[in-house]
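Hi,

Here is the structure I promised to send over. Have a look at it first, and then read on for what turned up.

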Amino acid sequence: MSITTALENHKFKNPYSNDYSKIIDYLLKTIGYANKFYVEIGCNDTIPYDNTRFLKELNWNGIWIDSCDTVPILDNDKKVGTRLKNKSIKIHHVTKENINSLFKQYYIPNSFDFLCLDLGLNVFWIWKELTYT
């Protein structure tokens with residue numbers, strides 16, 4: 001069975017679901033997980049469709065890190081203001097120079113089940129530098 005067919009047939013019901021959530025859910029159920037801990041860097045606001053929001057709803061533990069402490073308030077796709085982000089989000093500008101120290105600062109386990117890096121063009125360089133143990 002192709003991965004596309006498997007994903008189309010995968011039963012996933014969650015109010016926070018999106019295509020990424022369905023893929024993540026399928027992969028974790030297929031390959032398994034150990035400690036139900038996630039790290040998402042570049043998480044926006046965790047509402048309503050960030051990549052790991054549904055893991056939190058499934059009682060996983062984890063950490064959200066983002067560089068901006070506010071998000072836009074939209075009305076018909078027009079920005080009408082800003083608001084502060086969810087208080088559980090750690091605010092840091094993540095770089096290849098500070099990624100390992102941030103993992104230490106927040107006591108991220110040496111082994112965890114899911115990492116999401118959503119940092120645009122910097123993902124490769126940050127991933128390459130990640131040596132936290």
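First, some housekeeping. This is a predicted model, in which local features need pLDDT of at least 70 and side-chain atom pairs count only at pLDDT 80 or more, while totals for chains, interfaces and linings use all residues. Residues are numbered from 1 along each chain as its sequence is written, and side-chain values use heavy atoms, with hydrogens and water left out.

On confidence, the average pLDDT (the predictor's confidence in each residue, from 0 to 100) is 79 for the protein, and 71% of the residues score at least 70. Helix α1 (residues 3-9) has the lowest confidence, with a mean of 58, while α4 has the highest, at 95.

Now the overall layout. Read from the N terminus, the order is α-α-β-α-β-β-β-β-α-β-α. Of the 133 residues, 35% are buried. If you take contacts (heavy atoms within 4.5 Å) between residues at least 6 apart in sequence, 59% of them join residues at least 24 apart.

Next, the sheet. Four strands form an open sheet in the order β5-β2-β1-β6, and the pairing is parallel (two strands pair if DSSP finds at least two bridges between them). The edges are taken by β5 (89-91) and β6 (114-117), and each has a single partner strand, so one side of each has no neighbour in the sheet. From one strand to the next, the twist averages 15° (axes are lines fitted to C-alpha atoms, and angles run from 0 to 180 degrees between N-to-C directions).

Strand by strand, β1 (residues 37-41) pairs with β2 in the parallel sense over five bridges, and Val-39 has Ile-63 in β2 as its bridge partner. Strand β2 (residues 61-66) also pairs with β5, again in the parallel sense, over three bridges. There, Trp-64 has Ile-89 as its bridge partner, and Asp-66 stands opposite Ile-91.

Back to Ile-24, which is part of helix α2 (residues 19-31). Apart from its neighbours within four places in sequence, Ile-24 touches Asn-51, Phe-54 and Phe-114. Ile-24 and Phe-114 are 90 residues apart in sequence, yet their C-alpha atoms are 8.8 Å apart in space.

Ile-126, in helix α5 (residues 123-129), is another buried one, with a relative accessible area of 2%. Its contacts, leaving aside neighbours within four places in sequence, are Val-94, Thr-95, Lys-96, Ile-99 and Leu-119.

Beyond four places in sequence, the residues in contact with His-92 include Ile-65, Asp-66, Ser-67 and Leu-102.

As for aromatics, there are five aromatic pairs (rings of Phe, Tyr and Trp, the last by its six-membered ring, with centres within 6.5 Å; planes under 30 degrees apart count as stacked, over 60 as edge-to-face and the rest as tilted). Phe-103 and Phe-112 make a tilted pair, with ring centres 6.1 Å apart and planes at 55°. Phe-103 is buried at 1% relative accessibility, whereas Phe-112 is partly exposed at 22%. Ring pairs join Phe-37, Phe-103 and Phe-112 in a cluster.

Lys-36, in the loop between α2 and β1, is not a glycine but has a positive phi of about 55°. Asn-59, in the loop between α3 (53-57) and β2, is not a glycine either and has a positive phi of about 70°. Lys-36 is partly exposed at 32% relative accessible area, and Asn-59 is exposed at 65%.

Cheers

Technical notes
Helices (H or I, at least four residues) and strands (E, at least two) are DSSP runs, numbered from the N terminus. Buried means under 20% relative accessible area, exposed over 50%, partly exposed in between (1.4 Å probe, protein chains only).
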